[in-house]
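I opened this notebook to record what I looked up in the structure below.

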Amino acid sequence: MNNPLNTGTIIAAVLGLAVSQASAETAHIFWKDLRPPTQAVAEDANLPMIAAKLPDHGETLSLSLQDKTIQLAGYALPVDRDGDLVYQFLLVPWTGACSHMPTPPPNQIVLVTPAHPYKMAKAYQSVSVTGVLKPGMEKSQLFILDGVSIVQSGYTVRKAEVASVDTVPDAVTLPVNSPWNFLNKKKN
């Protein structure tokens with residue numbers, strides 16, 4: 001005789017196993033993982049890594065994570081929004097990138113399309129993005145205070161799950177003498 005309780009228990013166990021395997025397959029990555037291991041970090045006293053200082057202009061992508069589910073924390077800069085709902089954004093490794101200071105190289109920018117519109121309180125909100133990483137150059141129009149900027153990203157994550165986070169573990173911190181250092185200060 002079939003016992004409905006046992007069948008339900010088996011189905012729940014199988015579903016639970018599938019969910020735990022999916023989360024175990026998510027690679028928690030850092031910004032350095034998006035650069036080829038041979039690429040040096042270009043820095044000077046005032047600016048973090050920028051494309052102009054790299055021999056390949058930061059267009060060399062890391063293909064080892066292609067089509068893998070990743071989780072990466074960074075700062076969200078809206079590309080397509082309606083009020084506080086964001087439909088697409090650039091994920092960047094430091095606050096002020098792309099609009100207040102030089103653009104990071106393409107291999108340090110991820111174009112993110114959330115699975116559902118993401119409610120964003122402010123530009124450069126720290127978020128965690130989870131989804132399938134696709135290497136490939138894409139250009140986005142970024143509307144900033146002094147006009148329009150075209151930003152090239154090296155990766156995309158579509159149908160991403162987006163969550164607010166308190167900190168970005170490997171965020172680039174601007175040097176004390178940087179003219180953009182005010183972007184690092186916490187607001188009360």
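Does Ile-150 count as buried or exposed? I found that Ile-150 counts as exposed because its relative accessibility is 51% (buried is under 20% relative accessible area, exposed over 50%, partly exposed in between, with a 1.4 Å probe and protein chains only).

I noted the basis of the entries: this is a predicted model, in which local features need pLDDT of at least 70, side-chain atom pairs count only at pLDDT 80 or more, and totals for chains, interfaces and linings use all residues. Residues are numbered from 1 along each chain as its sequence is written, and side-chain values use heavy atoms, with hydrogens and water left out.

I placed Ile-150 in strand S7, residues 147-164 (strands are DSSP runs of E, at least two residues, and helices of H or I, at least four, numbered from the N terminus).

I then turned to Val-112, which lies in strand S4, residues 110-114. Val-112 counts as buried because its relative accessibility is 0%. Leaving aside neighbours within four places in sequence, I listed its contacts (heavy atoms within 4.5 Å), among them Tyr-87, Phe-89, Leu-91, Val-129 and Val-162. For Val-112 and Leu-91, 21 residues apart along the chain, I read a C-alpha separation of 6.8 Å.

Last, I checked confidence as pLDDT (the predictor's confidence in each residue, from 0 to 100). The chain averages 77, and 65% of the residues score at least 70. Confidence is highest in S4, at 98, and lowest in helix H1 (residues 4-24), at a mean of 46. Over residues 7-22 the pLDDT is below 50, and this stretch has zero contacts in the model beyond near neighbours in sequence. Where pLDDT is low, the predicted coordinates should not be read in detail.
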